[in-house]
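Trainee: Could you take one part of this model and walk me through it closely? I'd like to hear about the salt bridges, and then about a helix and its neighbours.

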Amino acid sequence: MANCERCGRELPSFSFGEASRLCADCRRALSSANSSAPAATAIPAAPQVAMRRVPYRPPFTLVLIGINVLVFAAMVAKGVPIERPTSAQLLQWGANFGPLSLGGQPWRILTSNYLHIGIIHLLVNMWSLWQVGRLAERIFGGWTYLVLYTATGLAGSLASLFRNPLGVSAGASGAIFGIVGALIGALYLGKLPIPKPAQQGLLKNLVIVVIINLGYGASVSGIDNSAHIGGLVMGLALGSILAPQLMEPPEQRRAHERLLFIGAAVVLLGFGGYVKKINGYVVSLGAAGQALSQHQLDQAISILENTVGRNPRNKTALGLLGNAYLQKKDYAHAESTLKRVLQLDPKDISAKYNLGLTYAATERFEEARQIFSDLVQKDPQDDDAWMLLGAALDGLGREAEAIQALQKAVALNPKNAEAYRELGLAQMKAHQANAALNSLQQSARLDPNNPETQKDLGDLYTELGDRSQAAVAYQNAEKLKKP
């Protein structure tokens, strides 16, 4: 910030009208001296020097935009897709995710505010930040604006963890909504040197922007509106408290801001502790999910049973537990657990899939057929549901219907290796040897590391009387089975 050339006092960070290098007190003193001095001894006016108006360049807004752009550029340089990065890629770069953020990686609550999910997400947010950040930086001052951006971004991340702790979230929009909220509070409650019509126009436009964006976020899936609301609420609170002191002398204003931001830090810590208390169970879910991915089934089941014991109506924990039982081939526990999930949420697709697989594994093919038939009716484009329906029909000996369902599956997804394998098996049963050979060979091309497909090819070659090809297929199967 600039200082008064007469007394050295810090000048206000925000002002409208003609710029001056003197503080208000010095301007009043000089004005009084000029008006009271005799004409012969009047203080001469300073020589007028023609000056070119220099456009205001908000340094903190530019720095924030630069950090966001550089992070995105680094992601792309490391191979992250420019349009649709995966959740795993976002997590590698610091996205917000309950099992990690509420566990041993709380820094994600901050870093996620500088991470974006594709180029469009980045461009929209940076354009928005440029529009509101310039004004906010002039009104609040650079460092205060930076603290507002950080505090409201943290509030948005915590609100996201509170509302959807198992979602992967990223983006600057929570902080941007926070800056908008702070501006609304300052414009509504502050006595700023802005013409009244201009101030009311700005305030109206900001409120309209908030309403439109929150409405859009509520109507479109995939938008983390909870982060928007969390940032907005924190921004409104901070901006409203800051507003009465915005035109006070700098020393007084800074003391007030220090107290306010200490209070904001306490609030954020308290809110974070509450979120962890309410949703801390997701940390154990993350540990269980990692154990499942490493096929450590007993460890996963132990973690999930403890979680379900503390919260018997936790649908997510029950679903993972049912999946773990299914992988362990403990079909009785898998069935009872998955049925509990469906009692809590009859529309849970994952639980329906796993229950259907449990029925098929226990040769209850008619019950499996009913589940997968219902799934394909609800989503006719689901190739996996068509594949599993075909497998259930095959188990019932209804090969013609099974082949139709499996042909539908491979038509929807020509890269579904398992669907081609199931189709080949059904065609073998229907004595369509050549068609079965084509299907199994295609399955082997798509998934050359599947020993079961090689074994099926060996069986088919044996049936066709081609012993040499059968021997090669069986040898491949044995090699693939070895660790």
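Mentor: Let's start in helix 20, where Glu418 and Arg421 sit three residues apart, about one turn of the helix. Helices here are DSSP runs of H or I with at least four residues, numbered from the N terminus. Before going on, a word on the source: this is a predicted model, so local features need pLDDT of at least 70 and side-chain atom pairs count only at pLDDT 80 or more, while totals for chains, interfaces and linings use all residues. Residues are numbered from 1 along each chain as its sequence is written, and side-chain values use heavy atoms, with hydrogens and water left out.

Back to that pair: the side chains of Glu418 and Arg421 form a salt bridge at 3.2 Å, N to O. The term means a side-chain nitrogen of Lys or Arg within 4 Å of a carboxyl oxygen of Asp or Glu, and by that rule the count is 15. Arg421 is buried at 13% relative accessibility, whereas Glu418 is partly exposed at 30%. The cut-offs are under 20% relative accessible area for buried, over 50% for exposed, and partly exposed in between, with a 1.4 Å probe and protein chains only.

Helix 15 (residues 331-344) has a pair of its own, Glu335 and Lys339, four residues apart and so about one helical turn from each other. Their side chains meet at 2.9 Å, N to O.

Lys352 is buried at 11%, and Asp374 is partly exposed at 26%.

Now for the helix: helix 19 (residues 399-412) has 14 residues and reaches 20 Å from its first C-alpha to its last, close to the 20 Å expected, which is 1.5 Å times one less than the number of residues. Its buried residues are Glu399, Ala402, Ile403, Ala405, Leu406, Ala409 and Val410. They lie on the same side of helix 19 because they cover an arc of only 165° around the axis, taken from the directions from the helix axis to the C-beta atoms. Those buried residues pack against helix 18 (383-395) and helix 20 (417-429), contact being heavy atoms within 4.5 Å. Turned away from the buried side is the face with the exposed residues Ala400, Gln404 and Ala411.

Technical notes: Helices (H or I, at least four residues) and strands (E, at least two) are DSSP runs, numbered from the N terminus.
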